[in-house]
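Please read the points below beside the sequence and the model. They are set out in the order in which a reader might check them.

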Amino acid sequence: MKIDGTGKPLGPAPSSAARSSSSSSSTSATSAASASGAQIDISGTSSRLRELEATISNVPVVDSARVDEIKQAISDGRFKVNADRVADSLIESVRQMLNARPAT
């Protein structure tokens, strides 16, 4: 699927038969883009994304030290639940879900 300058899909890519008939116009469009100085460089972005993925993959999803600390506090009877904070968080998460829901 191709995307025009507005970011909206134009439709499915043409079949190989349609591509061969439009190859001359495609070549002239490419030449026009080159002549106007339009250039796309994704190699820098691609390598940066790979670096970020590698960094993220090494970050643990769960903070084990914090989990152990909470477990110990529960065992010792020191862990206190703040009901107001829990209720506020639940209400806020419902608001976010309702706002994110597509209009019907």
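The numbered points that follow take up confidence, fold, helices, salt bridges and surface.

1. This is a predicted model, in which local features need pLDDT of at least 70 and side-chain atom pairs count only at pLDDT 80 or more, while totals for chains, interfaces and linings use all residues. Residues are numbered from 1 along each chain as its sequence is written, and side-chain values use heavy atoms, with hydrogens and water left out.

2. On confidence, the protein chain has a mean pLDDT of 76, and 64% of its residues reach 70 or more, pLDDT being the predictor's confidence in each residue, from 0 to 100. Over residues 15-29 the pLDDT stays under 50, and for this stretch the model has 1 contact beyond four places in sequence, where contact means heavy atoms within 4.5 Å.

3. The protein chain contains 4 helices and 2 strands, arranged along the sequence in the pattern β-β-α-α-α-α. These elements are DSSP runs numbered from the N terminus, with helices being H or I of at least four residues and strands being E of at least two.

4. Helix 4 covers residues 83-100, and its 18 residues reach 26 Å from the first C-alpha to the last, close to the 26 Å expected at 1.5 Å a residue; the expected span is 1.5 Å times one less than the number of residues. Helix 4 is hardly covered, since the count of buried residues among its 18 residues is 0, and buried here means under 20% relative accessible area, with exposed over 50% and partly exposed in between (1.4 Å probe, protein chains only).

5. Helix 3 is followed by G77, whose phi is positive, near 80°.

6. The structure holds 4 salt bridges, each being a side-chain nitrogen of Lys or Arg within 4 Å of a carboxyl oxygen of Asp or Glu. Side chains of opposite charge can pair when their charged atoms come close. One of these salt bridges joins R48 and E51 at 3.2 Å, N to O; both residues lie in helix 2 (residues 43-57), 3 residues apart, about one turn of the helix. R48 is partly exposed at 46% relative accessible area, and E51 is partly exposed at 45%.

7. Another salt bridge links R66 and E69, whose closest N and O atoms are 2.9 Å apart, and both residues lie in helix 3 (residues 64-76), 3 residues apart. R66 is partly exposed at 43%, as is E69 at 47%. A salt bridge also connects R78 with D76, with the closest N and O atoms 3.4 Å apart; R78 counts as exposed at 52% relative accessibility, whereas D76 is partly exposed at 46%.

8. For the protein chain as a whole, buried residues make up 2% of the 104 residues. Its accessible surface comes to about 9,400 Å², of which 58% belongs to carbon and sulfur atoms, the areas coming from the Shrake-Rupley method with a 1.4 Å probe.
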